[in-house]
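I opened my notebook to record what I looked up in this structure. The entries follow the order of my searches.

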Amino acid sequence: MSLNGKVILVTGAAQGIGRGIALRLAKDGADIALVDLKTDKLHSVKSEIEALGRKASVFAADVSDRDAVYGAIDHAEAELGGFDVMINNAGIAQVNPIADVMPEEVERILRINIQGVLWGIQAAAAKFKARNQKGKIINASSIAGHDGFAMLGVYSATKFAVRALTQSAAREYASAGITVNAYCPGIVGTDMWVEIDERFAEMTGSEKGETYKKFVEGIALGRAQTPDDVAALVAFLSGPDSDYITGQAILTDGGIVYR
């Protein structure tokens, strides 16, 4: 699939799924605007993209800051000469029994996982309209946006919310030629899942690695997911073959949750 000439912004692009998405889209011919707070790692990803013969820009931003998200898109347009696709990938996990969740924890995860996506949708749609063009907005949900998981109650709630924002925005922006979809990964072997596993070990007394192993054993296709698996779906949603798809939150989990 060709994304030649497209400018795509990826939040949370410094590592893990975000890095995998950025590299896949660059391989498919896009120029990539990289957004994260971890600027050292961002510059490393930028070098990887440039080695593929594509252009990349780096912008440090906290996605919970609305002005910063608008600024990131302006920067992408100025540096790369356009703006075609917004990937709202940035997010954090949180492992805690519902009974133990504290206000500051709720506030932080809502700001990043929900408000960060909301500001990304707003800013991208505004830019597409200002440029008088169609566009694509793609949001990170999760299997936890389809099923609520024990010890991941607030995280699950944020990912359900991303699905709601995706559906609402798809309806609101369809007349402007803007599609809005979400991708829903499962158990991906990244630093986020290392943190989730370690937190489960603390809370349950299990050995480190045991929770991750248990979840992976429940995958129908028999292996953990990779960032490349997720990136393949995002590449499809970024390209022309998905032009007639909007408002969907597509599972890419190897067979854990079935809808």
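I began with glutamate 50 and lysine 46, which both sit in helix α2. They are 4 residues apart, about one turn of the helix. The model is a predicted one. I looked up the gap between their side chains and found a salt bridge, 2.5 Å from N to O. Next I checked how open each partner is. Glutamate 50 has a relative accessible area of 38%, so I noted it as partly exposed. Lysine 46 has 21% and is partly exposed. I kept in mind that buried means under 20%.

How many salt bridges does a search of the whole structure find? I got 11. I wrote down a general point beside that count: side chains of opposite charge can pair when their charged atoms come close.

I then picked out arginine 19 and glutamate 48, which form a salt bridge. Their closest N and O atoms are 2.7 Å apart. Which parts does this pair tie together? Arginine 19 lies in helix α1, residues 16-27, and glutamate 48 lies in helix α2, residues 39-51. The pair therefore links parts that are 29 residues apart in sequence. Arginine 19 is partly exposed at 32% relative accessibility. Glutamate 48 is partly exposed at 27%.

My next stop was lysine 213, which forms a salt bridge with glutamate 217. I read 2.5 Å between the closest N and O atoms. Both residues belong to helix α7, residues 210-217. They are 4 residues apart there, so about one helical turn separates them.

**Entry: the largest pocket**

I turned to pockets. The largest one has a volume of about 1,200 Å³. I counted 50 residues in its lining. Which of them lie nearest the centre? My list reads Ala90, Gly91, Ile92, Ala93 and Met192.

The largest share comes from α6, with 8 residues. By class, I noted 25 nonpolar, 13 polar and 12 charged residues in the lining of the largest pocket.

**Entry: the second largest pocket**

The second largest pocket has a volume of about 280 Å³. I found 14 residues lining it. Nearest its centre are Lys134, Gly135, Lys136, Gly177 and Asp243. Both β5 (135-140) and β6 supply at least two lining residues each. I sorted this lining by class and wrote 4 nonpolar, 5 polar and 5 charged.

**Entry: positive phi**

I looked at backbone angles next. Most residues other than glycine have a negative phi. Asparagine 132 has a positive phi of about 55°, although it is not a glycine. I placed asparagine 132 in the loop between α4 and β5. It is exposed, with a relative accessible area of 73%.

Methionine 151 also went on my list, with a positive phi near 75°. Where is methionine 151? I found it in the loop between β5 and α5.

**Entry: serine 142**

I stayed with the loop between β5 and α5 and looked up serine 142, which is found there. Is serine 142 buried or exposed? At 5% relative accessibility it counts as buried. I followed its side chain and saw that it reaches the backbone nitrogen of alanine 144 at 2.9 Å.

**Entry: the annotated domain**

Last, I checked the record. An unreviewed UniProt entry carries the annotation "domain: Ketoreductase" over residues 6-186. I looked up what the chain does over residues 6-186. It is 49% helix and 19% strand. The end C-alpha atoms of this stretch are 28 Å apart.

Conventions: Residues are numbered from 1 along each chain as its sequence is written. This is a predicted model: local features need pLDDT of at least 70, side-chain atom pairs count only at pLDDT 80 or more; totals for chains, interfaces and linings use all residues. Side-chain values use heavy atoms; hydrogens and water are left out. A salt bridge is a side-chain nitrogen of Lys or Arg within 4 Å of a carboxyl oxygen of Asp or Glu. Buried means under 20% relative accessible area, exposed over 50%, partly exposed in between (1.4 Å probe, protein chains only). On a 1 Å grid over the protein atoms alone, a cavity is a set of points where a 1.4 Å probe fits but cannot get out, and a pocket is an open set with protein on both sides within 12 Å along at least five of seven lines; lining residues have an atom within 4 Å of a point. Grid points are joined across faces, edges and corners, and a volume is the space filled by probe spheres set on the points. Ala, Val, Leu, Ile, Met, Phe, Trp, Tyr, Cys and Pro count as nonpolar, Asp, Glu, Lys and Arg as charged, and the others, Gly among them, as polar. UniProt positions are given in the numbering used here, feature names are shortened, and annotations may be inferred rather than shown by experiment. A polar contact is a pair of N or O atoms within 3.5 Å; within protein, one must be able to donate a hydrogen and the other to accept it, and residues adjacent in sequence count only if both atoms are side-chain atoms.
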